[in-house]
Amino acid sequence: MKYILSILMAISLTLVSYAAGLTGKKAGTTATDPDDFPVPNEVPDLLFYIQRDPNTNTICYQLNVDKQGRLSEKNPVNTFWIRYPEGGVKKDLNYLQRKFAYGINSKAIGNASYELRSVAYSKLPLYLRRDNRNEYHVYTSIDRRECILKRVFIRIDGGTFWSPNVLYIELKGTEIATGKTIIQRIKPS
């Protein structure tokens, strides 16, 4: 239960940019089912992504490598928007989004692995590490199972800029032991 409360806090605090999506919805910019949202498959080295109401804008977390494919040890994760309602334009996070909502702090923990902490809620650890094929993934617990995190979806129904009405948070990943897709929907109380 402590883990669930931690993730609820982390993700609900990431909604600093929520109000930006309230400025008039155009046709094709909204989706109702999380599975109807666009998937950022075109992003090389994508680790995971966050999507939320009220639009299809997507925050991507990408492995930060140089032109030779070497991981940046100081900043192993690159975070940015894909603004699907604006034609899929890629945009950097602004200062508030980077420092208080969607940014990631990282700490090397040895063996080319990193502990990642959301700037919105530092008590929730994620782990960036290599699998047996030498590929990096972000690992976390979903429904008490070790998983590779793929998507976080936040369902919002109104509220205010600083206090959105979060109906649920959905975590989606692949269980390490079985390869099955695991989805956990958390309802805040």
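The following questions and answers concern a predicted model of one protein chain.

Me: In what order do the helices and strands of the protein chain run from the N terminus on?
Reply: The predicted chain has 2 helices and 11 strands. Of its 189 residues, 46% count as buried. From the N terminus on, the order of the elements is α-β-β-β-β-α-β-β-β-β-β-β-β.

Me: What share of the contacts with a separation of 6 or more is accounted for by residues 24 or more positions apart?
Reply: A contact here requires heavy atoms within 4.5 Å. Among the contacts in the protein chain with a separation of 6 or more, residues 24 or more positions apart account for 44%.

Me: Is strand 8 largely enclosed or largely open, and how many of its residues are buried?
Reply: Strand 8 covers residues 136–142, and a residue is buried when its relative accessible area is under 20%. Strand 8 is largely enclosed by the rest of the structure, because the buried residues number 6 of the 7.

Me: Which residue takes a positive phi in the hairpin of strand 7 and strand 8?
Reply: Strand 7 (residues 125–130) pairs with strand 8 in the antiparallel sense over 4 bridges. In this pairing, Arg130 has Tyr136 of strand 8 as its bridge partner. The hairpin has 5 residues between the strands, and the residue with a positive phi, near 70 degrees, is Asn134.

Me: Which residue takes a positive phi in the hairpin of strand 8 and strand 9?
Reply: Strand 8 and strand 9 run antiparallel and are joined by 4 bridges. Within this pairing, Thr140 has a bridge partner in strand 9, namely Cys147. The hairpin has 2 residues between the strands, and the positive phi, near 50 degrees, belongs to Asp143.

Me: What is the bridge partner of Phe153 in strand 10?
Reply: Strand 9 (residues 145–159) and strand 10 (residues 164–175) run antiparallel, with 10 bridges joining them. Phe153 lies in strand 9. Its bridge partner in strand 10 is Glu170.

Me: Which residue in the turn between strand 10 and strand 11 has a positive phi?
Reply: Strand 10 is joined to strand 11 (residues 181–186) by 6 bridges, and the two run antiparallel. Thr174 stands opposite Thr181 of strand 11. The two strands form a hairpin with 5 residues between them, and the turn residue with a positive phi of about 80 degrees is Gly179.

Me: Why is the pair of Phe37 and Phe153 edge-to-face?
Reply: The structure holds 4 aromatic pairs. For Phe37 and Phe153, the ring centres lie 5.1 Å apart. Planes over 60 degrees apart count as edge-to-face. The pair is therefore edge-to-face, with its planes at 70 degrees.

Me: How many residues apart in sequence are the parts tied together by Phe37 and Phe153?
Reply: Phe37 counts as buried at 3% relative accessibility, and Phe153 counts as buried at 0%. Phe37 lies in the loop between helix 1 (2–13) and strand 1 (46–52), whereas Phe153 lies in strand 9, so the pair ties together parts whose separation in sequence is 116 residues.

Me: What is the angle between the planes of Trp81 and Tyr102?
Reply: Trp81 lies in strand 3 and Tyr102 in the loop between helix 2 and strand 5, 21 residues apart, so that the pair links distant parts of the chain. Both Trp81 and Tyr102 are buried. Their aromatic pair is edge-to-face, at 5.5 Å centre to centre, and the angle between the planes is 75 degrees.

Me: Which residue forms one aromatic cluster with Phe37 and Phe153?
Reply: Phe37 and Phe153 have ring centres 5.1 Å apart. The cluster that holds these two residues also includes Tyr168.

Me: Is Tyr114 buried or exposed?
Reply: Tyr114 is found in strand 6 (residues 113–118). Residues up to four places away in sequence aside, Tyr114 touches several others, including Leu71, Pro76, Ile109 and Leu128. Since its relative accessibility is 5%, Tyr114 counts as buried.

Me: How many residues line the largest pocket?
Reply: The largest pocket has a volume of about 310 Å³. Strand 3 (77–83), helix 2 (95–101) and strand 5 (104–110) are the elements that give two or more residues to its lining. The lining divides into 4 nonpolar, 6 polar and 4 charged residues. Asn75, Val77, Arg98, Gly103 and Ile104 lie nearest the pocket centre, and the number of lining residues is 14.

Notes
Residues are numbered from 1 along each chain as its sequence is written. This is a predicted model: local features need pLDDT of at least 70, side-chain atom pairs count only at pLDDT 80 or more; totals for chains, interfaces and linings use all residues. Side-chain values use heavy atoms; hydrogens and water are left out. Two strands pair if DSSP finds at least two bridges between them. Buried means under 20% relative accessible area, exposed over 50%, partly exposed in between (1.4 Å probe, protein chains only). On a 1 Å grid over the protein atoms alone, a cavity is a set of points where a 1.4 Å probe fits but cannot get out, and a pocket is an open set with protein on both sides within 12 Å along at least five of seven lines; lining residues have an atom within 4 Å of a point. Grid points are joined across faces, edges and corners, and a volume is the space filled by probe spheres set on the points. Ala, Val, Leu, Ile, Met, Phe, Trp, Tyr, Cys and Pro count as nonpolar, Asp, Glu, Lys and Arg as charged, and the others, Gly among them, as polar. Rings of Phe, Tyr and Trp (its six-membered ring) pair if their centres lie within 6.5 Å; planes under 30 degrees apart count as stacked, over 60 as edge-to-face and the rest as tilted.
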